[in-house]
Amino acid sequence: MNRRAQLSALLALPMLWLIGIYIFSLVMLLVTAFWVTDPFTSKVKPGFTLRNFEQIIANPAYATTSLRTLGIALAVTVLSILISVPLGIFMAKVASPKLRAILAVAITLPLWAGYLVKILAMRITFTEEGFFNSMLGPLGISGPGFSIVTVVLTLTYLWLPYMAVPVYTAIRQLPPNLFDASSDLGAGAGFTIRTVVLPLIKPAIIAGSIFTFSLSLGDYIAAKFVGGSTQMIGSIIASNINLNPPIAAAFSLVPIAFVVIYLLSVQRTGALERM
Amino acid sequence: MLRLSLGAKFTLGTIVAMALAFMYIPLFLVVINSFSAARLSSWPIAEFSTIWWEKAFVSEPIRAALLNSVIVGLGATVIALILGTLVAFALQRYTFFGKQTVNLLVVLPIALPGIVTGVALNNTYNQVLEPIGIEVGYFGMIIAHGTFCIVMVFNNVLARLRRINPSIEEASRDLGATPLQTFRLVTFPQFRSAFVAGAILAFALSFDEVVVTIFTAPPGVDTLPLWIMNQMARPNEASLVNVVATVVILASFIPVWVSQRLARGADERE
């Protein structure tokens, strides 16, 4: 067998699967976004209409939900960075080797603890008679309850390891003599972190942000269980999938567009090649 | 060295302690609430009991959901093992036009939001296949899970293949082994642990999946996460969910532990 035939034999089955099922489905989703729903039978008929897109643009609820979801995804990303950078600096530069090993396991372990289990855990923590209110109630602090704040906290809880692990790895890999040089030149710790550490770990932060951003963008289960009345893009897609599939299809292009725009805008920084 | 003042170290330490508390207190609350006698989760816990553990062990819906999760997980893992290993070999051993595209194709099902994958497959099953008389039923779920699990096996096997010394295979061929013998006796043993680690991660990913499952599960069929979700939506027996969630937390530590052992074992052997 020549090499070309060998390669075809290796790739035939996987490509048949990924293109024949997955890419085909994505293309059909795009096509369905132009199909029509019979308003009486709610049966979907092949056709061509821009009505679904018009409805999405004309209805302010869709625009507000898109912007709210975008805001939540950005807030989750920023919060994850604000936790991960001090965590990484502490682990790499302050903790003893033993504590460092324990912390490294501690931040990766919850990654696999189960997605719904973590949402359930946050639900128990922030419910009206829950832990948060019971601990901080006597201090006069009342918790966020089930609101958009809890959605941001829960999504941060879910995706934090995706940011914390690459940031910690990047800080660990910084050569120690950079810190010596910076301190010999008279920079304080804060100044060193701002002017030496942050620029060098930027690719890791961007790599992590791709996960925190796109995973938050597509989520709606957190909003459903800890968000009270908070709606996200996914909530609208999910509630339309049976009633009006073309609208669901058209609206699911919004998160795809957000993710693609985000990827393109970070690609310009050159971070993707270094992932 | 980074010279931090005592105050700065203290501030950093406080942030780390808060982050760890933020990660582990909610999980701990789930575990402790599974032993609460009350129907609903609350704090502090008024009375402890193992009644929900007893109920969970004899619950027929939980058993059925667990069985579905295992069947779907195993089916998805087999698909991922075959397809992921094939792609890994193709990308590591050959240079060809469109290599990057193939790589992107494997990653795409996990890179796009779950809801997009779920809605896209749901749309194909219901609007394309059903009208022409094809009912995917139970297999729809396995196909969907298999698709996004490929990347787990692919990543693990590819990383290992890159580190294998090609001259060992050449030696095997020179000594007269058939290609099949070389693969079975020389190549496979070298990437077996990556293969197993990929399988465990693929199974764990499938076992934990919710959003894609919501859109691809046939009516009336629950996987364990779907059962948990439906139970959370009807919170009259919330403590029963805590028992299942506790078992999931404990079980989730196993694949992490095993895959770390496998990775470490491989590193030590080198």
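These legends describe close-up views of a predicted model.

**View 1. Overall build of chain A.** Chain A holds 12 helices and two strands. Read from the N terminus, its elements run α-β-β-α-α-α-α-α-α-α-α-α-α-α. Along the principal axes, the C-alpha atoms of chain A fill a box of roughly 75 × 70 × 30 Å. The radius of gyration of chain A is 23 Å, whereas a compact globule of 275 residues would have one near 19 Å.

**View 2. Burial and contacts within chain A.** Buried residues make up 46% of the 275 residues of chain A. Take the contacts in chain A between residues at least 6 apart in sequence: 73% of these join residues at least 24 apart.

**View 3. Helix α3 against helix α7 in chain A.** Helix α3 of chain A spans residues 60-94, and helix α7 of chain A spans residues 148-173. Their axes come within 6 Å and cross at roughly 40°. Angles under 35 degrees would count as roughly parallel and 65 to 115 as roughly perpendicular, so α3(A) and α7(A) are oblique to each other. The crossing of α3(A) and α7(A) is right-handed. By class, the contact of α3(A) with α7(A) has 22 nonpolar residues, four polar and one charged.

**View 4. The contact of chain A with chain B.** Chain B supplies 67 residues to this contact, and chain A supplies 66. On the side of chain B that touches chain A, helix α1 of chain B (residues 6-33) gives the most, with 16 residues. That side of chain B divides into 52 nonpolar, 12 polar and three charged residues.

How values were computed: Residues are numbered from 1 along each chain as its sequence is written. Chains are lettered from A and ligands numbered from 1 in the order in which they are written. This is a predicted model: local features need pLDDT of at least 70, side-chain atom pairs count only at pLDDT 80 or more; totals for chains, interfaces and linings use all residues. Axes are lines fitted to C-alpha atoms, for helices over the stretch in contact, and angles run from 0 to 180 degrees between N-to-C directions. Helices (H or I, at least four residues) and strands (E, at least two) are DSSP runs, numbered from the N terminus. Angles under 35 degrees count as roughly parallel, over 145 as roughly antiparallel, 65 to 115 as roughly perpendicular and the rest as oblique. A crossing is left-handed if the near helix is turned anticlockwise from the far one by less than a right angle, and right-handed if clockwise. Ala, Val, Leu, Ile, Met, Phe, Trp, Tyr, Cys and Pro count as nonpolar, Asp, Glu, Lys and Arg as charged, and the others, Gly among them, as polar. Two residues are in contact if their C-beta atoms, placed from the backbone, lie within 7 Å. The radius of gyration is taken over C-alpha atoms; the globule rule is 2.2 Å times the number of residues to the power 0.38. A residue is buried if 20 or more other C-beta atoms lie within 10 Å of its own, exposed if 12 or fewer, and partly exposed in between; C-beta atoms are placed from the backbone.
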